[in-house]
Amino acid sequence: SLRQRVPVPPETSVDDASGRRVVRPDGDYDGASPRSPWADPPPDSPLRRTERAFNESLDVYRTLYYGRGDAAASSAYLRAAGDGGTEGAVLLRKDTEDGTWSSSHRASARPGPRGGTDLDVTSAVHVSTEAGG
């Protein structure tokens, strides 16, 4: 389940492929080791192209609201679900001198009854601060 793959608070690291700071889930949503949301892992697919476009848009949002540089990071991950649906996660993290703020937004879209789509969305916010002294 996607909920089991996104820790709160999510960790960050520098992506070797792009040099960008990214927010990492546990695993890669494809069942292997962590992958880059910016690299083009083979095979190139419509889902990976959508994920790349999602990350480009999220990067603009992150820059406008949380600033440039290493203090803020964002990543979006998508994967095909085994039942014909799609799962995704949007991860944001902002580090300050007083602590960390992060949010995880997970969504799952699956074929629903009568040709519709069932959508399940879970969001979590984690704030940690250091006590002054």
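Read along the sequence, this chain follows the pattern β-β-α-β-β-β-β, which amounts to one helix and six strands. The model is a predicted one, so please read every value below as computed from its atoms. Here is a friendly tour, starting with the chain as a whole and ending with a cluster of aromatic rings.

**The chain as a whole**

- The protein chain has 133 residues, and 38% of them are buried.
- Taking contacts between residues at least 6 apart in sequence, 41% join residues that are at least 24 apart.

**The sheet**

- Four of the strands build an open sheet, in the order β3-β4-β5-β6, with antiparallel pairing.
- The edges are held by β3 (72-80) and β6, and each has a single partner strand, so one side of each is left without a neighbour in the sheet.
- From one strand to the next, the twist averages 10 degrees.

- Strand β5 (residues 99-111) and strand β6 (residues 117-129) run antiparallel and are joined by 13 bridges.

- Helix α1 lies across β3, β4 (86-96) and β5.
- The direction of α1 is at about 160 degrees to that of β3.
- Threonine 63 is one of the residues in α1, which covers residues 46-66.
- The side chain of threonine 63 reaches the backbone oxygen of aspartate 59, at 2.9 Å.
- That threonine 63 side chain also makes a polar contact with the side chain of arginine 62, at 3.3 Å.

**Aromatic rings**

- A search of the whole structure finds three aromatic pairs.
- One of them joins tyrosine 61 and tyrosine 65 in a tilted arrangement, with 4.7 Å centre to centre and 40 degrees between the planes.
- Tyrosine 61 and tyrosine 65 are both in helix α1, four residues apart, or about one turn of the helix.
- Are these two tyrosines buried or exposed? Tyrosine 61 has a relative accessible area of 35% and is partly exposed, because that value falls between the cut-offs of 20% and 50%. Tyrosine 65 reaches 60% relative accessibility and therefore counts as exposed, the cut-off being over 50%.
- Tyrosine 61 also pairs with tyrosine 66, this time edge-to-face, with 6.0 Å centre to centre and 70 degrees between the planes.
- Ring pairs link Tyr61, Tyr65, Tyr66 and Trp101 into a cluster.

Notes:
Residues are numbered from 1 along each chain as its sequence is written. This is a predicted model: local features need pLDDT of at least 70, side-chain atom pairs count only at pLDDT 80 or more; totals for chains, interfaces and linings use all residues. Side-chain values use heavy atoms; hydrogens and water are left out. Helices (H or I, at least four residues) and strands (E, at least two) are DSSP runs, numbered from the N terminus. Buried means under 20% relative accessible area, exposed over 50%, partly exposed in between (1.4 Å probe, protein chains only). Contact means heavy atoms within 4.5 Å. Two strands pair if DSSP finds at least two bridges between them. A polar contact is a pair of N or O atoms within 3.5 Å; within protein, one must be able to donate a hydrogen and the other to accept it, and residues adjacent in sequence count only if both atoms are side-chain atoms. Axes are lines fitted to C-alpha atoms, for helices over the stretch in contact, and angles run from 0 to 180 degrees between N-to-C directions. Rings of Phe, Tyr and Trp (its six-membered ring) pair if their centres lie within 6.5 Å; planes under 30 degrees apart count as stacked, over 60 as edge-to-face and the rest as tilted.
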